[in-house]
Amino acid sequence: MAKPAQGAKYRGSIRDFPDFNPSQDAETLYNAMKGFGSDKEAILELITSRSNRQRQEICQNYKSLYGKDLMADLKSELSGDLARLILGLMMPPAHYDAKQLKKAMEGAGTDEKALIEILATRTNAEIQAINKAYKEDYHKSLEDALSSDTSGHFKRILISLATGNREEGGEDRERAREDAQVAAEILEIADTTSGDKSSLETRFMMILCTRSYPHLRRVFQEFVKMTNYDVEHTIKKEMSGDVRDVFVAIVQSVKNKPLFFADKLYKSMKGAGTDEKTLTRIMVSRSEIDLLNIRREFIEKYDKSLHQAIEGDTSGHFLKALLAICGGED
């Protein structure tokens, strides 16, 4: 599987629309929603072809031209999966992620998969922006929300990721060897010398949650040299539950983030029934970051394009909007 080179160029499928005219776009949307029934084609075509920055400008123009809230109007005109997708595209990314985290913690059960997918893959800057947005929108800190909704070791890992405090530097070979040794001990491939299992777990968590991506790549290489095992495979074998899932997500994200998301998209459409929430969340949140890279990983691994998978699994306006975000056939 092709690995993205260090500092590989990530590319989204949605970019700034050339010859952008926010007041004209606001007028187009107003006309599409005026009167009885709405022109969904016109709405989805316009919104999926503008960047998030441009959509924010359209919102402001809509308000000043018509004295109305564009989000509220869209909400009343659209429904179901299409509404979730279009309204998601209209939100600033940090506020969108904050909302997805909030939703994952609402109600009776927690959606651990969504919490892991977001917190294990965002950059420091993205995490810090999410914290700010969460506080603004829900008047409580993300850390408090995670504290009251998760528990034990899993809670500590999520809160550690939610601080957005990952190191930004390169690799340090000596330290990478020490880190790999800790990993080997906690995963019981090496003879345990450091004793206490829980203090080892804490050190392992710290390594995965705070070391930089380039450094962790080196740690994983050292781990293989030391043990002849792949760290991801070993975590899957030796750990269980949410703790295993979050560690695996971090490792996969470090190795190849677009591939991590390609796998999640594939799973959301595999078998009977579609997981529309996951499909929507990834398509919206990666559209301007690395969706083209995700598409490439998808076709390489699954031998069919993301475009084909979406076509075979969704329908109607939701399908059209997803294909527009996808940005073409590979």
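The questions and answers below walk through a predicted model of one protein.

User: How many helices and how many strands are there in the protein?
Analyst: In this predicted model, the secondary structure can be counted from the N terminus onward. The count for the protein comes to 19 helices and 0 strands.

User: What is the radius of gyration of the protein, and what does the globule rule give for 330 residues?
Analyst: The C-alpha atoms fill a box of roughly 75 × 45 × 40 Å along the principal axes. For 330 residues the globule rule gives 20 Å, and the protein is close to that value, so it is as compact as a globular protein of that length. The radius of gyration itself is 21 Å.

User: What percentage of the residues of the protein count as buried?
Analyst: A residue counts as buried when its relative accessible area is under 20%. The protein exposes about 15,400 Å², of which carbon and sulfur atoms supply 48%. Of its 330 residues, the part that counts as buried is 49%.

User: At what angle do the axes of helix α13 and helix α15 cross, and are the two roughly parallel or roughly perpendicular?
Analyst: Helix α13 spans residues 213–227 and helix α15 spans residues 241–269, and their axes come within 10 Å and cross at roughly 110°.

User: Which residues of α13 and α15 make the contact, and how many of them are nonpolar, polar and charged?
Analyst: From α13 the contact draws on Y213, L216, R217 and F220, while α15 contributes V251, S253, V254, K255 and K257. By class, the contact of α13 with α15 has 5 nonpolar, 1 polar and 3 charged residues.

User: How many of the 11 residues of α16 are buried, and which are they?
Analyst: Helix α16 covers residues 276–286, and 9 of its 11 residues are buried, so this helix is largely enclosed by the rest of the structure. The buried residues are T278, L279, T280, R281, I282, M283, V284, S285 and R286.

User: Is D275 buried or partly exposed?
Analyst: D275 lies in the loop between α15 and α16, and its C-alpha atom is separated by 9.1 Å from that of L265, which is 10 residues away along the chain. Its relative accessible area is 30%, and D275 is thus described as partly exposed.

User: Which residues does S160 touch, not counting residues up to four places away in sequence?
Analyst: S160 has its place in helix α10, residues 152–162. With a relative accessible area of 16%, S160 is buried. Leaving out residues up to four places away in sequence, S160 touches M205 and C209.

User: How far apart in space are R203 and K264?
Analyst: R203 sits in helix α12, residues 197–210, and is partly exposed at a relative accessible area of 39%. R203 and K264 are 61 residues apart in sequence, and from C-alpha to C-alpha the separation in space is 28 Å.

User: What is the phi of N228?
Analyst: N228 is found in the loop between α13 and α14, where it is exposed with a relative accessible area of 70%. Although N228 is not a glycine, its phi is positive, at about 65°.

Key:
Residues are numbered from 1 along each chain as its sequence is written. This is a predicted model: local features need pLDDT of at least 70, side-chain atom pairs count only at pLDDT 80 or more; totals for chains, interfaces and linings use all residues. Side-chain values use heavy atoms; hydrogens and water are left out. Axes are lines fitted to C-alpha atoms, for helices over the stretch in contact, and angles run from 0 to 180 degrees between N-to-C directions. Helices (H or I, at least four residues) and strands (E, at least two) are DSSP runs, numbered from the N terminus. Contact means heavy atoms within 4.5 Å. Ala, Val, Leu, Ile, Met, Phe, Trp, Tyr, Cys and Pro count as nonpolar, Asp, Glu, Lys and Arg as charged, and the others, Gly among them, as polar. The radius of gyration is taken over C-alpha atoms; the globule rule is 2.2 Å times the number of residues to the power 0.38. Buried means under 20% relative accessible area, exposed over 50%, partly exposed in between (1.4 Å probe, protein chains only). Accessible areas come from the Shrake-Rupley method with a 1.4 Å probe; for residues, only the protein chains shown count as cover.
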